[in-house]
Amino acid sequence: MRTETMREFGDRVRATIDGWSERQQRDRMRLIARWSGAAEEMFWAGQFGQEVTDEMREAVYEAGEAVLNA
């Protein structure tokens, strides 16, 4: 069970990315793009009144964990 909100998790992932050097960010661009794309999909679904599914949330968390563990 997760204890942090999606916003808190996103802030933690962004802080990790911000802490990487430009070269590390370039080398890990695929991880960054995967997390960013999953988060954006979930965001826009919510903006347009679509259901934010558990699968969307899980995709964001999985991609974010990959960034955190890189």
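Helices α3 and α4 are roughly antiparallel to each other, because their axes cross at roughly 155° and angles over 145 degrees count as roughly antiparallel, those under 35 as roughly parallel, 65 to 115 as roughly perpendicular and the rest as oblique. Helix α3 spans residues 29-47, and its axis and that of α4 come within 8 Å; axes are lines fitted to C-alpha atoms, for helices over the stretch in contact, with angles running from 0 to 180 degrees between N-to-C directions. Helices are DSSP runs (H or I, at least four residues), numbered from the N terminus.

This is a predicted model, in which local features need pLDDT of at least 70 and side-chain atom pairs count only at pLDDT 80 or more, while totals for chains, interfaces and linings use all residues. Residues are numbered from 1 along each chain as its sequence is written, and side-chain values use heavy atoms, with hydrogens and water left out.

The second pair joins α4, residues 54-68, with α1, residues 6-19, whose axes come within 9 Å and cross at roughly 30°, so that α1 and α4 are roughly parallel to each other. The contact (heavy atoms within 4.5 Å) is made by residues including Phe 9, Val 13 and Ile 17 of α1 and Val 60, Gly 64 and Leu 68 of α4. By class, this contact of α1 with α4 has 8 nonpolar, 2 polar and 2 charged residues, where Ala, Val, Leu, Ile, Met, Phe, Trp, Tyr, Cys and Pro count as nonpolar, Asp, Glu, Lys and Arg as charged, and the others, Gly among them, as polar.

Technical notes
Helix = DSSP H or I, 4+ residues; strand = E, 2+ residues; numbered from the N terminus.
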